[in-house]
Amino acid sequence: GYRVDQTEAPLNEVLAAGMILKTGWKGESNFVDPMCGSGTLLIEAAMIALNIAPGVHRKEFAFEKWIDFDQELFDRIYNDESQEREFNFKCYGADINPAAIEIAGLMKYIELRTQPFQQCTEAPQPGIMVTNPPYGERISSRDLLGLYNMIGERVKHVFTGYKVWILSYKDECFDKIGLKPSEKMKLMNGSLECEYRCYDIFEGKIKDYKKALNEEGEARPSRPERPSFERKPDRSSRPNFRTDRMDRPARRFAAAH
């Protein structure tokens, strides 16, 4: 319900949310998409980090027309914000197409810029990168393999310490990245059977990296639980989503943050 416009080949919102959940990310770091298009991954990442219920920005649901629909119950559930949480990092996005950035809009937790990936020289720490580059199917690229070669070079030199997740379609594109994935999984993007790969970006040799991981795993103490008396943010000034439902989706999403 939040999208008011879209680019030529937008990523399905449900697929985007599933991709992010597969990484295990819940908002404990920065989130980066350097080829963000209209920002679907960034928006879904922000909503997951804040634990905002999916579908909260929809104008209506089909079940509201049922004979036994309970309006009072629905209003109570719809406006329950008790499960939402704080997000102390940001979602950073960039795209070569300024029109795509304009469509994505600017929200409190999302920072956008018009920039080609090859000009990326630094990454916020700590962070995770998730991106969906062109496949050469619906969006053409004059030098598709060159694009993926550049992605591998930038990832290796800029995103040290990151887990980098890339969704793509052709094996030859992944080969040009030039890095060994730590995870692979098949995902359907529309009618295309794509692959979703994770790369652990580290300095030095892989032997030293694996040894350091093993040593860290053996020495790492258990994480203490947060105290139950921790103060929660004041939500008394937040808008009532139910009464604001008929406004434009972009305005509702901005109000949610």
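Modeller: Let us begin with contacts, where contact means heavy atoms within 4.5 Å. Among contacts in the protein between residues at least 6 apart in sequence, 71% join residues that are at least 24 apart. The model is a predicted one, in which local features need pLDDT of at least 70 and side-chain atom pairs count only at pLDDT 80 or more, while totals for chains, interfaces and linings use all residues. Residues are numbered from 1 along each chain as its sequence is written, and side-chain values use heavy atoms, with hydrogens and water left out.

Biologist: How many helices and strands are there in the protein, and what percentage of its residues is buried?

Modeller: Helices (H or I, at least four residues) and strands (E, at least two) are DSSP runs, numbered from the N terminus, and the protein has eight helices and seven strands. Buried means under 20% relative accessible area, exposed means over 50%, and partly exposed is in between, with a 1.4 Å probe and protein chains only; of the 257 residues in the protein, 43% are buried.

Biologist: How should I read a strand, and which residues of β1 lie on each side?

Modeller: In a regular strand the side chains alternate between the two faces of the sheet. Strand β1 (residues 30-33) is covered on both faces, with Asn 30 and Val 32 buried on one side and Phe 31 and Asp 33 buried on the other. Two strands pair if DSSP finds at least two bridges between them. Strand β1 runs parallel to β4 (residues 127-131), joined to it by three bridges, and Phe 31 has Ile 128 as its bridge partner in β4. Strand β1 also pairs in the parallel sense with β2 (residues 91-95), again over three bridges, and here Val 32 stands opposite Tyr 92.

Biologist: What does Leu 167 contact, leaving aside its neighbours within four places in sequence?

Modeller: Leu 167 is found in strand β5 (residues 163-168), and it counts as buried because its relative accessibility is 0%. Leaving aside neighbours within four places in sequence, its contacts include Leu 11, Leu 15, Met 19, Thr 131, Tyr 135 and Asn 189. Leu 167 and Asn 189 are 22 residues apart in sequence, while their C-alpha atoms are 9.2 Å apart in space.

Biologist: How should I read a helix, and which residues of α5 are buried?

Modeller: An α-helix has 3.6 residues a turn, so residues three or four places apart point the same way. The buried residues of α5 are Leu 144, Leu 147, Tyr 148, Met 150, Ile 151, Gly 152, Arg 154, Val 155 and Val 158, and what covers them includes β4, β5 and α6. Helix α5, with 15 residues, reaches 21 Å from its first C-alpha to its last, close to the 21 Å expected at 1.5 Å a residue; the expected span is 1.5 Å times one less than the number of residues.

Biologist: Is Arg 154 buried or exposed?

Modeller: Arg 154 lies in helix α5 (residues 144-158), and it is buried because its relative accessible area is 14%. Beyond its neighbours within four places in sequence, Arg 154 is in contact with Phe 117, Gln 118, Cys 120, Thr 121 and Phe 159.

Biologist: How many aromatic pairs does a search of the whole structure find?

Modeller: A pair of aromatic rings is described by the distance of the centres and the angle of the planes. Rings of Phe, Tyr and Trp (its six-membered ring) pair if their centres lie within 6.5 Å, and planes under 30 degrees apart count as stacked, over 60 as edge-to-face and the rest as tilted. The search finds 14 aromatic pairs. In one of them, the rings of Phe 117 and Phe 159 have centres 6.2 Å apart and planes at 65°, so the pair is edge-to-face. This pair links distant parts of the chain, since Phe 117 lies in the loop between β3 (110-114) and β4 and Phe 159 in the loop between α5 and β5, 42 residues apart. Phe 117 is buried at 4% relative accessible area, and Phe 159 is buried at 1% relative accessibility.

Biologist: Which residues do ring pairs link into a cluster?

Modeller: The cluster consists of Phe 61, Phe 63, Trp 66, Phe 69, Phe 74 and Tyr 78.
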